[in-house]
Amino acid sequence: MAPSFLSLVSLYSYYLRRCFTAAGLFSHTLKITDETTLHYWGPKSNPSETNPKKPTLVLIHGFGPAAMWQWRKQVQFFSPHFHVYVPDLVFFGDSATESGERSEVFQAASVLKLLENIGVKKFSVVGTSYGGFVAYHMARMSPEKVEKVVIASSGVNMKRSDNEDLVRRARLERIEHLMLPESASQLRALTGLALYKKLDIIPDFFLNDVVSQLYRENRKEKMELLKGMTLGQDDQVNLTPLQQDVLIVWGTQDQIFPLKMATELKGLLGEKTRLEVIEKTSHVPQIENPSLFNNIVKNFLSASS
């Protein structure tokens, strides 16, 4: 592992922090219960007291690096129009718990408790991948607080067989080898499925730096999160339709959760759900085509229900 001052990942992390700060977001840590502490990026103080007409938007990251690595372009785009909050889920970034709970339902309850503690009464939520699972449960659990829901590249409707198919596509032995890579080769397998454009020219030393800096912390707990998920445990899908307006955004070439899952999910979440598909993107359209992704989401959030 390279020293931090030689690490390109560490240097880029510094740049990301500057981007979030320039967008008006600050790093906060809050103890939401006796057992659980969450880190989040948000306004310096509760802005709803000084600008109550500006809506609130919560961005929930996927299973991978901390939130600031996944939402830079969205923070920069949405912060002039929304009060933006970007939490790190439990065991990502500086968020942690002493509780034995490991489900995505617990993650949803933790984010809802965070927002309650900082005085956010109503908000819309955008969740990508694993964050989409969390966003779904937040909307289901608190329909009176969650106004609109965006689920991006998130197989909320996955079955046990979908996980098995994913491992086969990755040509790995277990799901944790894909979601928690320990080597350059495993990270290549992940990016090969998650990105439309291949990264074959990226050297191993850089990928090893990414693994070292972004995937080694809290490995045991994150493996427990994978095993603790309530979604995808059965061969049948049993989802509660949501009351809110829902937007599903998906990449046409997604190999983590194939596009057919988006079409099925649209039919399961209720009549107020619509689907937008972004060409030439895979599992992270918010990174691969941020301009189109951002405008699709903004038009949805700004439209009258």
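Q: Which residue does Glu176 form a salt bridge with?
A: Its partner is Arg174, and the closest N and O atoms are 2.9 Å apart. A salt bridge here is a side-chain nitrogen of Lys or Arg within 4 Å of a carboxyl oxygen of Asp or Glu.

Q: Before we go on, what kind of model is this?
A: This is a predicted model, where local features need pLDDT of at least 70, side-chain atom pairs count only at pLDDT 80 or more, and totals for chains, interfaces and linings use all residues. Residues are numbered from 1 along each chain as its sequence is written, and side-chain values use heavy atoms, with hydrogens and water left out.

Q: Back to that pair. Is Glu176 buried or exposed?
A: Glu176 counts as buried because its relative accessibility is 13%. Buried means under 20% relative accessible area, exposed means over 50%, and partly exposed is in between (1.4 Å probe, protein chains only).

Q: And what about Arg174?
A: Arg174 is partly exposed, with a relative accessible area of 43%.

Q: Why would side chains like these pair up at all?
A: Side chains of opposite charge can pair when their charged atoms come close.

Q: How many salt bridges does the structure hold?
A: It holds eleven salt bridges. One of them joins the side chains of Lys159 and Asp162, at 4.0 Å from N to O. Lys159 is partly exposed at 21% relative accessible area, while Asp162 is buried at 16%.

Q: What does Arg160 pair with?
A: The side chain of Arg160 meets that of Asp235 in a salt bridge, 3.1 Å from N to O. This pair links distant parts of the chain, 75 residues apart: Arg160 is in helix 5 (residues 160–170), and Asp235 is in the loop between helix 9 (219–228) and strand 8 (245–251). Helices (H or I, at least four residues) and strands (E, at least two) are DSSP runs, numbered from the N terminus.

Q: Which residues are linked in a network of salt bridges?
A: Arg102, Lys220 and Glu224 are.

Q: New topic. Where is helix 1, and how does its span check out?
A: Helix 1 covers residues 8–22. At 1.5 Å a residue, its 15 residues should span 21 Å, and the end C-alpha atoms are 21 Å apart, which agrees. The expected span is 1.5 Å times one less than the number of residues.

Q: Which of its residues are buried?
A: Val9, Ser10, Ser13, Leu16, Cys19 and Phe20 are buried. Seen down the axis of helix 1, the buried residues fall within an arc of 165°, so they line one face. That arc is taken over the directions from the helix axis to the C-beta atoms.

Q: What's on the other side of helix 1?
A: There, Leu11, Tyr14, Arg18 and Ala22 are exposed.

Q: What about Leu8?
A: Leu8 counts as partly exposed, at 46% relative accessibility. Together with Leu11 and Phe205, Leu8 makes a nonpolar surface patch of about 340 Å².

Q: Which residues can go into a patch?
A: Patches are made of residues with over 30% relative accessible area and no salt bridge; like charges are joined within 9 Å, and nonpolar side chains (Val, Leu, Ile, Met, Phe, Trp, Tyr) within 5 Å. The areas come from the Shrake-Rupley method with a 1.4 Å probe, and for residues only the protein chains shown count as cover.

Q: Which residues have a positive phi without being glycine?
A: Among them are Phe91, with phi of about 80°, and Ser129, with phi near 55°. Phe91 sits in the loop between strand 4 and strand 5 (96–97) and is buried at 5% relative accessible area. Ser129 is in the loop between strand 6 (123–128) and helix 4 (130–141), and is buried at 10%.
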